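The sequence and structure come before them.

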Amino acid sequence: MTEHDDKHLVHGYLRQLPDSDAEETREWIDSIDDLIKVSGKERARFIIGAIREHARKAGAITKPDLMTQYVNTIPWDEEPEYPGTPEEQDLERQFRSWTRWNAAVMVTRAQKPGIGVGGHISSYAAQATLYEVGQNHFFRGQDAPGGGDQIFFQGHSSPGNYARAYLEGRLTEADLDSFRQEASRTSGGRGLPSYPHPHQMKDFWQFPTVSLGLGATNSIYQAWFNRYLHERGIKDTSDQHVWCFLGDGEMDEPESRGMLQLAAGQKLDNLTWVINCNLQRLDGPVRGNANIVQELEAFFKGAGWNVIKVLWGGGWDKLLREDKDHALSDLMSNTLDGDYQGYRANDGAYLRNNFFGRDPRTKAMVEDWTDDELWQLRRGGHDHHKIYAAYRAALAHKGEPTVILAQTVKGYDLGSNFAGRNSTHQMKKLSSSDLKLLRDTLQIPIDDSQLEDPYSAPYYKPADDHPALVHMREMRQKLGGFIPERRGQREVVELPTEKPFKSMEKGSGKLKVATTMALVRLLKDLMRDKKFGFRMVPIVPDEARTFGMDAMFPSSKIFNTLGQHYTAVDHDMLLSYKESTQGQLLHTGITEAGSMSAFCAAGTSYSTHNKVMIPFYIFYSMFGFQRTGDQMWQAMDQLTKGFIIGATAGRTTLQGEGSQHMDGHSPVLASTNPGMIIYDAAYAYELAHIFRDGLERMYGDGSDGRSQEVMYYLTVYNEPIHQPAEPENADVEGIIRGIHKIADVDGQGGPKVNLLASGVAVPWAMEAKNMLRRDWGVDATVYSVTSWYELRKDGLKVNEHNYLHPEEAPQKAFVTQKLEGEEGPFIASSDFEHQVQDSIREWVPGTYETLGANGIGISDTRPAARRHFRIDDASIVVRALYGLAKEGKIDRSVVKQAIDKYDLFNAVAGKAIPEA
């Protein structure tokens, strides 16, 4: 391409469309050439930029440049007036100062000798104005007419939220002094958790955010779920907004950026992110050799977000208005973040010499300014006027989510020992001199004598009738109440009748049905319930067909805020792909992380919206806890309720797949989450009782005393088996609590053994019972263990009770009660690792032998894989004989005979479960 081909380029690309008026185009190009020739390139750049901005506002340009100059997006002369009188604005300033003071004092006092739990001081110092402008003018509480907003507060800034709640009268001084002392609480306070943890403060925090990145993705799906409720006519959420406060360093987490396309594609203009760009991560600069704000601007614009930069406070406006040749704006744009950080860690003289002094034109601009005046120049994130303008613009913007990039200083106003220092994140206390400086800066009326011992520095709270406190309360009342605030379930739910569960009790007759398909059928039946069905929220990450859920596509439809504006390729088929604004199915695409965020939003709707919605999240079990375990923990912390379905579970049932798909350990991982109720059911009728009990427990009236804020993790399988009908007098209590007998001894004589199995291992155990009788004259009972870990929890609870109450008669674990009196060894198996079965070893009253699918999965047939892991029927038989030999009830040679008979080391010798 030659230099004369420039006229064929549009945005850097060759034009593919013909020019309808080449002469007019040439005239415009010639005028630009003249402009450059007469006024220079700098002036030409400015005019072209102004023209582009005008064209964008007029709708002629829909895709703006991805990166703009390092200046505020909203010009000073387009800023709205800040609401309130000058006197009221001063009251807000006073109140901001008090929150900043009390937050710093609380953390310092928590570091006193003998306690030393510390906290983070500098994060909230950078963020205080961002929060307070929202609290005074934007963030709507839950009593607002539209239902209130959802605010994801940045985790490390929690001291600021506590400090405000203290001034609001919601927390006491004793509460503040119990910060990070949830058990000891020597002050007599309630014990404040370090970060936003709803599980620890059920009336205060709504969203756990300190696992960096997870608040970001959850906020997107919260906004999406708000639209879901609205479009389906369940709740009017049109006047509710989701705000998420993040740090610029946090944006390196993949979850922080990985879901941006959903927010843009679904046009979630009910979402605003505020990124606190203090240019620092925990150890040093976020981008010392570059500029994180510019990087984020380009990234978000490329993802389809509206971007508002708030970089410079009002003190810079005069300088920028005088910047006729753009020397200052160019200097701002070409300064590295590492240098910006260093400027605020020094003083006005340093700023003059090392920033303004880099260009003679900018140096001349401030030659009449004192060093102190230069030092008073603030970053945009500390200017309440600039922040107000950005927030108002964000709410007014339609069709796109908005991100506000607010430049701040970490440790702002805390003095030179804190502000901008690389170590500021780890600094947990202020010295006496630091406190005196902060007191003077914030104008707090406290004497020097009260600050000699920093660990005894007083909080500041004026009388309740102080005008600033009165003003604050009035503003919060207008906005619908205090924030943050969490409320529990208030809506009364009419649970489904027995009818949807009846089909699960009948069995499958001559047909073979996998437990996955049985459970999905139950889901469909529940969704058809006219009074209850609308509450079910199926969530699936792009494997609906695998789970038999494709029938939902044309009937329940897939939710999309845009509906469906294309003709599906399978539109003429019975099970065609159908998207709709009223769709019930949340089909998230190939993203387990996104699915878990949707699960959290739906599963906490009982609290955030007072609308009980019941998420049913189904996925390949290998890609659940292993991939998104941190989000599962976050869901527990957020007091999420719902059903998590690990489908295609087990290490051998997913025939032909390999190690990445074969789940032999998800129950182990799930057991580390205290919010999980874990079941590995074998039969459809067991699932029916478990699922119904889950609905009763989580969404009933709570009269049974069990914790309601839990999640049910159900492993189900893709292997079709004959589903037996529920037996008469089924042991429903045993099914729910974890174990019930499904086959007794036949009474024909011989040694006795007891086979315990779960999930797909139960049919192998039943066949092993037949083999033991037929081949070895052994009589066996078979127990279906629906939940190894519910049995373990019960056993641990009994142990704790017994050692703490030695004066009382010892209690017995439920599994012990069920098994005591049985004769012979106990043999346990599942399609999971040994440690699943081993989890109840302590409470089994006899010899206990376990089989398990340890290691990694292999690609092969089910019989070959089971023989490889030695968990099939023949392996159960051999292990049972071994247990009898250990007890001296048969000769050890019999074990060797069995190994030879079944060719136990030959994978090809494994066989499928015989037809029932």
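**Backbone, charges and surface**

P484 lies in the loop between α18 (467–478) and α19 (499–505), where helices (H or I, at least four residues) and strands (E, at least two) are DSSP runs numbered from the N terminus. This is a predicted model, in which local features need pLDDT of at least 70 and side-chain atom pairs count only at pLDDT 80 or more, while totals for chains, interfaces and linings use all residues. Residues are numbered from 1 along each chain as its sequence is written, and side-chain values use heavy atoms, with hydrogens and water left out.

Q: What is the relative accessibility of L279, a residue with positive phi in the loop between β5 (271–277) and α9 (292–302)?
A: Most residues other than glycine have a negative phi. L279 has phi near 70 degrees. Buried means under 20% relative accessible area, exposed over 50% and partly exposed in between (1.4 Å probe, protein chains only). L279 counts as buried because its relative accessibility is 0%.

Q: Is K557 buried or partly exposed?
A: K557 is not a glycine, yet its phi is positive at about 70 degrees. It is found in the loop between α21 (552–555) and β10 (558–559). Its relative accessibility is 25%, so K557 counts as partly exposed.

Q: How many salt bridges does the structure hold?
A: Side chains of opposite charge can pair when their charged atoms come close. A salt bridge is a side-chain nitrogen of Lys or Arg within 4 Å of a carboxyl oxygen of Asp or Glu. By this criterion the number of salt bridges is 66.

Q: How many residues apart in sequence are the parts tied together by D371 and R352?
A: The side chains of D371 and R352 meet in a salt bridge, at 2.9 Å from N to O. D371 lies in helix α15 (residues 371–375) and R352 in helix α13 (residues 348–354), so the parts tied together are separated in sequence by 19 residues.

Q: Which helix holds R737, the salt-bridge partner of D794?
A: The closest N and O atoms of D794 and R737 are 3.3 Å apart. D794 lies in helix α29, so the pair ties together parts 57 residues apart in sequence, the R737 side being helix α27 (residues 732–737).

Q: What is the relative accessibility of R737?
A: D794 counts as buried because its relative accessibility is 17%. R737 counts as partly exposed, its relative accessibility being 33%.

Q: How far apart are the end C-alpha atoms of helix α29 (residues 788–804)?
A: The expected span of a helix is 1.5 Å times one less than its number of residues. The 17 residues of α29 should therefore span 24 Å. In agreement with this, the end C-alpha atoms are separated by 25 Å.

Q: Are D872 and R867 buried or exposed?
A: The side chains of D872 and R867 form a salt bridge, 2.8 Å from N to O. Both D872 and R867 are buried.

Q: What is the accessible area of the nonpolar patch formed by I32, I36 and I48?
A: Patches are made of residues with over 30% relative accessible area and no salt bridge; like charges are joined within 9 Å, and nonpolar side chains (Val, Leu, Ile, Met, Phe, Trp, Tyr) within 5 Å. I48 is found in helix α1 and is partly exposed, with a relative accessible area of 34%. Accessible areas come from the Shrake-Rupley method with a 1.4 Å probe, and for residues only the protein chains shown count as cover. Together, I32, I36 and I48 have an accessible area of about 200 Å².

Q: What is the distance between the C-alpha atoms of F152 and S187?
A: F152 is placed in strand β3 (residues 150–152) and is buried, with a relative accessible area of 2%. F152 and S187 are 35 residues apart along the chain, and their C-alpha atoms are separated by 29 Å.
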